[in-house]
Structure formats: C-alpha cells, structure tokens
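Thanks for asking me to look this one over.

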Amino acid sequence: MKVSVTFTADAIEKVEIVEHAETGGISDPAIETIPGAIVEYQSLGVDAVSGATLTSEAILNAVADCVTQAGGDVEALKAAPAGEKTVEGLQSTTVDVLVVGGGGAGLSAALSAAQNGASVILVEKLAALGGNTFRCGGAFNTYDPEGQASNPMTESLSTTVENLLAHEDVSEEHAALKADVQKQWDEYKTSGRTNLFDSPEWHALQTLDAGDYLGNVSQIRTLTTNTLDTLHWLTENGVNWSDEVSTVVGALWNRSHQTTPDASGAQIVAALENAARAANVQIFLDTKAESLVNSNGKVTGAVLTNANGESVTVTANKGVILATGGFAANVEMRTKYNEEGNKWENIDKLGTNNTPGATGDGITMGLGVDANLVGMGWIQLMPLNSVSGGGISGYVNSTAFVNQEGKRYVAEDGRRDVLAAGALAQTNQTFYGICDNKEATLRMAQAALDGQVAYGMISRGETLAELAGIIGVPADALEATIAEFNDLVKAGKPDEFGRTLWENTIEEGPFYAVAFTPCVHHTMGGLEINGSAQVLNTSGEVIEGLYAAGEVTGGIHGTNRVGGNAVPDALTFGKIAGATAAAAK
Ligand code: ADP
C-alpha cells in the first residue's frame with residue numbers, strides 16, 4: 001500500500017491512499033473510513049475496522065511512516081484520543097423475522113422473507129456484510145440446459161456416469177436416486193445428443209458420492225432441484241452471470257456458473273444487499289447476536305450486543321433465522337470437532353481463508369435450545385489456497401498441479417479432500433497450478449496478470465524452463481510433465497491418477513505458476529434442518545420459531561463438499577428459510 005499524507009506545521013491535513021493491492025471489497029470499509037478518522041481526530045489511535053483489520057493496520061502503519069518522515073511524533077499521535085463512535089445502534093424492538101448473519105445465506109433469507117411480506121431485521125457482527133460468500137469465487141453449481149448447451153460430452157465423462165451408476169446401493173433413497181439417473185442416462189444415450197449430460201438428480205448423485213454417502217439424500221435433492229430456480233431468482237435481483245459453464249476446483253462436472261465481470265461472491269453480496277435494502281430490510285452492522293430467547297420451547301427472538309456495546313432484545317414474531325456461517329476461524333472448535341471426522345494433522349496450525357466472523361456462533365446458540373448437530377467432524381481444507389494471496393482462476397479444466405519436484409501427483413479434477421491430502425504430502429505442503437497464456441488471459445485481464453507478476457503474487461516465464469527457474473523446480477522435469485499432460489489432453493482418456501476432465505493443452509507461452517498450500521476452508525457439519533429450513537432438536541422434532549441456512553447447517557455435504565455447491569446451498573436454503581419464516585403464524 002502506498003499512502004500520501006499532507007501536513008501543515010502542526011496538523012495532519014490529508015491522507016490519501018495512492019495505490020494498494022488489498023482484496024477489493026474486504027478492504028473497502030477500512031479504505032473508506034480510516035484516512036478520514038485519522039484527519040478528524042488527529043490521531044493514529046483510531047480503531048481498526050473489524051473484518052478489515054490488516055488493511056486498517058496497513059493504512060495506520062503507512063501514515064505513521066509518513067509522520068516519521070515529516071519529523072512528527074508517532075507515539076504522541078498513537079496516544080491521542082480517537083473519539084467515540086456515534087453509530088445509531090439497534091434498540092430493543094419487535095419485528096416479524098430476525099436474520100442473524102449477513103453473508104449469502106442471511107441476505108438471501110432476509111430478501112426472501114421481505115419479498116414474502118415479512119418485516120425483517122438483519123444483523124451482522126462485523127463492520128461489513130458478506131462473510132465468506134463475499135470472499136469466495138462465487139461459483140454456483142446448477143444443472144442448466146441452456147447454459148450447458150455447448151458443453152461437450154466425452155468418453156471419459158461417460159465413464160464417470162457409468163461408475164456412479166454401478167455403485168452398490170447404500171440405502172433405499174440412494175437406490176431410488178440411482179434409478180432416476182439411470183432412466184435419464186438411458187434416454188440420453190438413445191437421444192443421439194452430443195452435449196453434456198446433466199440433471200438435478202445426476203448433480204445429487206455426484207454430491208452424495210463425493211460426501212461418501214453420508215449426506216442426507218432428501219436434503220441434497222431439495223438443493224439440486226431448486227438451484228436453477230435460485231440462479232434465475234438471483235438474476236432477477238441483479239446478479240450477472242458469465243455465459244461460460246465450467247468446473248471449479250472440486251466441482252466434478254461442468255456445471256459451475258460464475259458472475260461477471262468478475263468471478264466473485266462479492267457481486268452476489270452486492271446485488272442481494274441492494275435488493276434487500278430496496279425491499280425494506282433493516283440492516284445493522286457491528287451487531288452481534290449472543291443468545292436465543294426460548295419461550296416454552298419456542299424461539300421468540302434473540303439477545304444482541306449493538307454497535308454501541310449495549311445489550312438489546314429483538315422479539316421476532318415469526319422467527320429467527322440463523323445464517324452465521326461455519327467455524328473455520330474458531331481454532332478451538334475446529335480442533336475439537338476434527339477428532340470426530342477427518343482427523344487432519346495439525347489442524348490448529350493450518351491457516352484459514354475464512355472471514356474472522358466464522359466462529360460457529362450459530363452452532364453455540366443452537367446448542368442452547370437443544371438443536372441437533374450433524375456431521376461436525378467433517379472439515380474441508382481448500383487445496384487451492386494461494387500462498388501469496390494472488391491467483392488466476394479456480395478452474396481446473398486446463399491447469400496442471402505440479403509439485404516442487406516438477407511432477408504431477410493427483411487428478412486435478414478430483415475431490416477437495418483428496419486434493420488436500422495429496423498436497424499435504426508434497427514437499428513444503430506446497431504445489432503449483434501451471435497454466436499457459438491462453439488459459440490465463442481467458443480468466444483474467446492482462447493488466448491484472450501483469451500487476452500480480454509485479455507484486456510477486458504469481459510467477460511468469462516466457463518458456464517452461466524459465467518458469468521452472470523462477471519457482472525453483474527442475475526444468476527438465478517440468479517440461480516432461482507438461483508434454484505428457486498435453487498428450488493426455490489430446491487422448492482425452494482417464495490417466496494414471498483418474499483424471500477424466502480434459503480441455504486445453506498447456507502450450508502457448510508465456511506460462512504461469514501460482515503456488516498453493518491447503519488451508520481450513522469449510523465446515524460441513526452444523527445444525528440439522530429439514531427441507532423447509534426449520535431447525536430440528538435432538539429428538540428430531542422441529543424447534544418452533546428457529547430456522548437456519550448456509551454453512552451453519554450440516555448434513556448436506558457429508559464428508560466432503562463439492563466445490564461450487566456452497567453458494568447454491570447457502571442461497572437456496574436461505575431463500576427457503578425466508579419464505580418458510582414469513583409464512584409462519
Ligand atoms: P453463509 O455462506 O452460510 O451465508 P457466510 O460466512 O457468508 O456464511 O456469512 C456468515 C456471516 O454471519 C458472517 O458475515 C459473520 O460475520 C456473521 N456472523 C457470525 N456470527 C454472528 C453473530 N453472532 N451475530 C451476527 N452476525 C454473525
């Protein structure tokens with residue numbers, strides 16, 4: 001970050017951010033408020049903006065540096081009072097629906113409840129809306145005959161279908177789902193179609209299989225039969241989608257839709273926020289729900305801490321929707337529950353790419369009213385976690401994953417748990433996503449690529465040998481690996497690791513490498529809900545007045561969430577939760 005500060009003889013007159021490489025959106029609240037606060041209070045003691053702490057500190061450090069250059073007293077400015085917050089905090093009140101959490105699930109629930117006639121308050125404990133939904137790539141998996149019309153079917157993709165149909169029955173529901181897919185597959189084969197086979201049921205079967213048959217089939221079917229409707233609803237509410245339908249990492253099939261002009265969850269959050277505000281949803285930031293109010297087994301509201309630190313109570317006539325996200329940012333919780341499932345080694349030491357708000361509050365509040373928890377031990381690591389914060393795309397179609405020895409070691413189109421375990425076994429727990437100019441410029445503007453190279457966030461070489469030198473990988477090994485990869489693309493058959501998804505070769509220089517290391521990404525477990533997004537208690541009964549959606553819930557994804565299934569899950573069940581709550585008596 002580059003900052004320019006103008007001083008008079010005894011004051012800070014102006015603070016300007018000249019240039020920065022912070023993540024757009026996440027850093028915005030800090031960039032918008034910290035410079036003004038420094039000038040207003042003539043202080044370097046202003047509070048960091050929650051959710052944008054690193055950006056806040058970067059600004060304060062840069063201004064401190066300028067103060068030193070100007071011969072000022074940094075310590076005195078740090079000690080100067082930085083004023084009281086004068087935010088209008090949420091007061092105790094009554095509303096139809098209270099939504100807790102302002103990520104994708106919460107915004108979707110709030111909008112849906114308001115569109116169904118309810119008065120709605122949404123609270124978000126951080127200084128900005130968005131949660132993990134804002135940070136993610138926004139990939140949205142859905143069956144979409146129109147969008148997938150030009151995606152081809154290949155021999156190796158047919159093998160994938162046949163393999164899942166040949167899986168032994170694990171339950172009656174699984175057998176029924178398989179029978180549905182078998183019928184569609186038989187019809188497809190006799191139809192003479194050459195474009196991609198897909199259906200809500202095939203999406204459901206892949207989701208169930210990828211979670212080792214531990215996901216709830218009925219909940220998965222509710223998800224996959226509603227995703228297309230959710231996609232269209234988002235479009236109506238201002239989200240723009242790219243025409244290309246592809247496969248993001250761990251998505252297993254060409255059904256990932258991405259927003260345009262940027263592939264980013266931030267665009268979904270922005271559209272939903274606008275739509276929610278237009279539908280009269282009242283939004284309160286810096287407002288944290290602490291506990292639920294339980295009146296004779298029915299949830300009738302919540303106790304919250306408002307932006308001024310006061311304790312207030314909101315009574316919700318129709319109910320409370322928990323949309324507080326997962327617990328990846330809560331080291332104690334992830335360490336405890338990891339023992340019940342994945343047993344990832346050193347999970348307490350791994351980083352996370354989650355919002356600091358992902359501390360499992362909804363799960364803790366739910367436990368207070370006897371909510372049932374499911375699948376808590378299943379914690380997803382994100383294999384594609386950039387070491388430098390840079391990156392090109394989350395698509396795996398035309399990318400090879402190569403280790404420090406210059407060799408491929410895994411099927412790039414595989415499940416995220418397999419990719420993560422594979423990566424953790426490599427030297428330095430690091431690997432490189434290698435792609436060529438064709439792929440890189442398809443995914444990202446040239447200026448953005450150049451900028452990232454200049455900041456050392458990604459690496460670029462005119463030839464593979466040059467790139468190998470830059471990332472410290474043996475050049476001959478990298479060249480041989482990519483030559484072999486290109487042969488596999490041309491053959492289009494499953495390879496030794498089981499990769500079946502092939503698109504373009506890696507041939508056109510310059511070549512790019514992005515270094516990745518796994519981090520804690522998604523917590524699959526959480527509150528058990530039914531198809532109407534009502535929370536169930538430990539006896540399997542509905543808890544009146546309590547709804548939940550998104551990452552705070554469990555039971556859909558089984559042991560491993562399919563990449564690109566989280567956003568449709570949060571938004572679809574958010575939409576359902578809002579509608580169910582609004583219809584409550
Ligand atoms: P999802 O994808 O399920 O919507 P997100 O991570 O996108 O999950 O959003 C969850 C949001 O909920 C985050 O912005 C987080 O800060 C917020 N949140 C978590 N706990 C609370 C709480 N106790 N009160 C208010 N907001 C909360």
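**Notes on the model**

1. Between domain 2 and domain 4 there are 0 salt bridges, a salt bridge being a side-chain nitrogen of Lys or Arg within 4 Å of a carboxyl oxygen of Asp or Glu. What the pair does have is 2 residue pairs in polar contact, with both residues at pLDDT 80 or more. Polar contact here is a pair of N or O atoms within 3.5 Å; within protein, one must be able to donate a hydrogen and the other to accept it, and residues adjacent in sequence count only if both atoms are side-chain atoms.

2. Please keep in mind that this is a predicted model, in which local features need pLDDT of at least 70 and side-chain atom pairs count only at pLDDT 80 or more, while totals for chains, interfaces and linings use all residues. Residues are numbered from 1 along each chain as its sequence is written, and side-chain values use heavy atoms, with hydrogens and water left out.

3. Now for the domains. The chain is divided into domain 1 (2-79), domain 2 (93-138 + 265-380 + 520-582), domain 3 (141-259) and domain 4 (384-517); these bounds come from an automatic or database domain assignment. The C-alpha centres of domain 2 and domain 4 lie 35 Å apart. Their contact takes 9 residues from domain 2 and 7 residues from domain 4, where contact means heavy atoms within 4.5 Å.

4. How much area is buried between domain 2 and domain 4? The figure is about 620 Å², and carbon and sulfur atoms give 55% of that area. Buried area is the accessible area (1.4 Å probe) that two parts lose on being put together, summed over both. On the domain 2 side, W344, L350 and N560 supply 59% of the area buried against domain 4, more than any other three residues.

5. Next, the start of the chain. Strand β1 (residues 2-7) and strand β2 (residues 12-19) run antiparallel and are joined by 6 bridges; two strands pair if DSSP finds at least two bridges between them. Helices (H or I, at least four residues) and strands (E, at least two) are DSSP runs, numbered from the N terminus. A hairpin of 4 residues links β1 to β2, and F7 stands opposite I12 in β2.

6. The structure holds 21 salt bridges. One of them pairs the side chains of K2 and E19 at 3.8 Å, N to O. E19 is partly exposed, with a relative accessible area of 36%; the cut-offs are under 20% for buried, over 50% for exposed and partly exposed in between (1.4 Å probe, protein chains only).

7. D169 is partly exposed at 48% relative accessibility, whereas K178 is buried at 11%.

8. E507 and K490 also form a salt bridge, at 3.9 Å, N to O. E507 lies in the loop between α17 and β16 and K490 in helix α17, so the pair ties together parts that are 17 residues apart in sequence. E507 is partly exposed at 48%, while K490 is exposed at 58%.

9. Two backbone details deserve a look on screen. Most residues other than glycine have a negative phi, and most peptide bonds are trans. T260 and P261 are joined by a cis peptide bond, with omega about 5 degrees, and P261 is in the loop between β6 (256-257) and α10 (265-278). The peptide bond from G509 to P510 is cis too, with omega near -5 degrees; P510 is in the loop between α17 (475-491) and β16 (511-516).

10. Lastly, the positive phi values. Y213 has phi near 60 degrees and is located in the loop between α8 (200-210) and α9 (217-236). Y213 is buried, with a relative accessible area of 15%. For D370, phi is near 65 degrees, and the residue lies in the loop between α12 (361-367) and β11 (373-374). D370 is partly exposed, at 36%.
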